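Here's a quick briefing to read with the model open beside you. Take a look at the chains first, then work through the points below.

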Amino acid sequence: MPLSNRPGYLPLLLRGLLAGLAAGLLAGGFAYLAGEPHINAAIAIEEAASGGAGGEAPLVERDIQSTVGLFLATGLYGVALGGILATAYTLLRRHLRTGSDTQAALGLAAAALTGIVVVPFLKYPPNPPAVGNPDTIDQRTAAYLAVLALGLVAVWAAVLAARTQSHQWRRAAAGTAAFLVVVGIAYTLLPTFHEVPADFPATLLWDFRISSLGTQAILWTALGIGFAGLITPARQKATVTAA
Amino acid sequence: MPKAQALTTPAVSGKLLATAAGFTGLMLLLAYLVAFDQGALSQSGMYLHELMHDGRHLLGVPCH
């Protein structure tokens, strides 16, 4: 048996970690270009409101937070998510009803993008610095983790519901319905937080949130494509093309 | 000829599940370090928390 054909968790895991690191750094690049200007604008508003910077020196300088710190955060987050994606792929591949490894890997990444990015984003859109009440951080963190979990449950419910149907349009309808039911129940039960100050610029809030969504979307898209590419050797791609 | 799958996934065994669970725990700790830790895990006080402040905001995690 050729080496590349040997079944194993470790080879898949290493590829997931590598794809995750690359995706995290790519997302960090986008966050730096598209997100940092909005974070700086929000911090300027915060400082103007508190009457100038003043006070004690910050623990970490702003230009370190916005460069080294940013890429460290997105890189490590990417590595962690890449490891989790590779583990999910290892355990779930045989249950995914497709003959294509590429489709299986991309499908799992798309499920994660939907369940732990899009579903949480619409219930708890992220806020820039200067927005948010420190007193509710524990409740908001718990609610955020709950919506991540429920987002994954919604995707899972959609897959299970779709599999009960045989016609393609019915599969789509059943999957969509199950997804919306779970998301609807989750959004209704979870608490709502309105903490944006009335005088905070709406355009800045919008721009920040879109840049955050873009950062996470790039991370998961690049991770899915990168992982799919790394687990499919060139030899197999050539075979598929020639067939 | 059956199309060879590139990297065949291993058969699910107790050993694989234990390894996968251990590694997933490790990865969740790493994600926790970036997203939520305020020094309890990193033992660096608030340094790592403050260092990764911007990334946390842009990754959509609640902060402040």
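## Two chains, lots of helix

Reading along the sequence, chain B goes α-α-α. That's three helices and zero strands, where helices are DSSP runs of H or I with at least four residues, strands are E runs of at least two, and numbering starts from the N terminus. This is a predicted model, so keep in mind that local features need pLDDT of at least 70, side-chain atom pairs count only at pLDDT 80 or more, and totals for chains, interfaces and linings use all residues. Residues are numbered from 1 along each chain as its sequence is written, while chains are lettered from A and ligands numbered from 1 in the order in which they are written.

**Chain A overall**

- Of the 243 residues in chain A, 39% are buried; buried needs 20 or more other C-beta atoms within 10 Å of a residue's own, exposed is 12 or fewer, and partly exposed is in between, with C-beta atoms placed from the backbone.
- Take the contacts in chain A between residues at least 6 apart in sequence: 85% of them join residues at least 24 apart. Two residues are in contact if their C-beta atoms, placed from the backbone, lie within 7 Å.

- An unreviewed UniProt entry puts the feature "transmembrane region" at residues 12–34, 68–92, 104–122, 142–160, 172–190 and 210–231 of chain A. Positions follow the numbering used here, feature names are shortened, and annotations may be inferred rather than shown by experiment.
- Residues 104–122 of chain A are 100% helix and 0% strand, with end C-alpha atoms 26 Å apart.
- Residues 142–160 of chain A are also 100% helix and 0% strand, and here the end C-alpha atoms are 27 Å apart.

**Where two helices cross**

- In chain A, the axes of helix α2 (residues 62–92) and helix α3 (residues 101–123) come within 10 Å and cross at roughly 125°. The axes are lines fitted to C-alpha atoms, for helices over the stretch in contact, and angles run from 0 to 180 degrees between N-to-C directions.
- That angle makes α2(A) oblique to α3(A), because under 35 degrees counts as roughly parallel, over 145 as roughly antiparallel, 65 to 115 as roughly perpendicular and the rest as oblique.
- On the α2(A) side, the contact is made by A:L85, A:A88, A:Y89 and A:L92; α3(A) brings A:A104, A:A105, A:L108, A:A109 and A:A112.
- By class, these contact residues are nine nonpolar, no polar and no charged. Nonpolar means Ala, Val, Leu, Ile, Met, Phe, Trp, Tyr, Cys and Pro, charged means Asp, Glu, Lys and Arg, and the others, Gly among them, are polar.

**Where chain B meets chain A**

- In this pairing, 36 residues of chain B are in contact with 55 residues of chain A.
- The elements of chain B giving two or more residues to that side are α1 (14–35), α2 (47–51) and α3 (53–58).
- α1(B) gives the most, with nine residues.
- The side of chain B that touches chain A has 22 nonpolar, ten polar and four charged residues.

- A:R209 sits in helix α6 (residues 202–231) of chain A.
- Is A:R209 buried or partly exposed? It counts as partly exposed because it has 18 C-beta neighbours inside 10 Å.
- Leaving out residues up to four places away in sequence, A:R209 touches A:P125 and A:P126.
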